[in-house]
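Work through the exercises below with the sequence and the 3D view side by side. Try each task before reading its solution.

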Amino acid sequence: MTSDAQAVLQSWSPPLGVNLALGLTVVVYVRGWLRLHTTFPKLFSAWRLAAFLTGIISIWIAIGSPLAAFDDVSLTVHMMQHLLLMAIAPYFVLLGAPALPLLQGLPQPIGRRVVGPFLRWAALRRFGRLITNPAICWLAATLALIAWHVPAVFEAALRNDWLHNLEHASFLAAGLLFWWPVVQPWPSTARWPRWSLPLYLFAATLPCDALSGFLAFCDRVVYVSYNSAPRLLNIPPLEDQQLAASLMWICVTIILLVPAVIVTMQILSPHNSRSVETTWAEADKIASQLRSEHNNSSEMTPKPSIAVVP
């Protein structure tokens, strides 16, 4: 590690708010997962817990770990953050089927009086149905990717912490929306036929390919702040830009190709397709059962409930 890199790392301090929020999310999820796993071990298996924790750890690596200290001195590190927040963390978080465990893990007073009424709000449910349309999901991810990589916007985010935080939040939100139609976590339902998802994933590679191609073959440093930034591993700014572009190009292609192959195999295997539908049909039954337990809890010994399921 160069002396410049050491100086950057020494000037960095862990983001307390981010780490507390991620830690609290893990505690709530694990608490709910343990309750559900005890009663429904097949539906809420260990791999869902592992997937969710992988997603949370990916978010922490991107914005809560020492990696974040170098995002304003290396475009490659900055690109790693974007990949983690937009392409990797959301996918694993949704694979963890977070709705039921998070709702079940909340303290009951909060679930009943705050979260439950909020999730049952008709306007919120209409808005949720609108933004989870696959066309909107694809468009949101594409616009977030392009808008934040416009040089003027990118430079402004490097100079302003609040804008940089907004950038990270928008990448994570856009990533969750993008992966929603692919993973279809409970309580979502398919809006497009399953055969369209490989095309959806292929279309997502196009804006990434265009951006990474531009950065890779441009003969100048696009984001000029990196010209005067401390050198990480003594890599010149133009080479750092080319490395970042290559990383994006290769990683995005692989990340989108793998689920496309999985979905294609599910389509070609009627048994797998039925198993996916059966899984979330079981989740609906579980939610109904837990609501029923809550409704009867006033006359019985208190049981874990999920009255907040909309």
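The exercises cover a pocket, a cavity and aromatic pairs.

This is a predicted model, in which local features need pLDDT of at least 70, side-chain atom pairs count only at pLDDT 80 or more, and totals for chains, interfaces and linings use all residues. Residues are numbered from 1 along each chain as its sequence is written, and side-chain values use heavy atoms, with hydrogens and water left out.

**Exercise 1.** Describe the lining of the second largest pocket.

Solution. Start with the terms. On a 1 Å grid over the protein atoms alone, a pocket is an open set of points with protein on both sides within 12 Å along at least five of seven lines; a cavity is a set where a 1.4 Å probe fits but cannot get out; lining residues have an atom within 4 Å of a point. A volume is the space filled by probe spheres set on the points, which are joined across faces, edges and corners.

Next, the residues. The lining has 23 of them, with Ile 63, Ala 68, Asp 71, Asn 165 and His 168 nearest the centre. Two or more residues come from each of helix H2 (16-39), helix H3 (46-63), helix H4 (75-95) and helix H10 (161-183). H10 gives the largest share, six residues. The volume is about 600 Å³.

**Exercise 2.** Which helix supplies the largest share of the lining of the largest cavity?

Solution. The count is three cavities of 30 Å³ or more. The largest has a volume of about 290 Å³. Of its 21 lining residues, Met 86, Ala 87, Leu 145, Cys 208 and Val 252 lie nearest the centre. H4, helix H8 (134-148), H10, helix H11 (197-217) and helix H12 (237-268) each supply at least two. H4 leads with five residues.

**Exercise 3.** Is the aromatic pair of Phe 154 and Tyr 223 stacked or edge-to-face?

Solution. Rings of Phe, Tyr and Trp (its six-membered ring) pair if their centres lie within 6.5 Å; planes under 30 degrees apart count as stacked, over 60 as edge-to-face and the rest as tilted. The whole structure has eight aromatic pairs. Tyr 91 and Phe 92 form an edge-to-face pair, 5.6 Å centre to centre with 80° between the planes. Phe 154 and Tyr 223 are stacked, at 4.0 Å and 20°. Phe 154 lies in helix H9 (residues 151-159) and Tyr 223 in the loop between H11 and H12, so the pair ties together parts 69 residues apart in sequence. Both Phe 154 and Tyr 223 are buried (under 20% relative accessible area, with a 1.4 Å probe and protein chains only).

Terms used
Helices (H or I, at least four residues) and strands (E, at least two) are DSSP runs, numbered from the N terminus. Buried means under 20% relative accessible area, exposed over 50%, partly exposed in between (1.4 Å probe, protein chains only).
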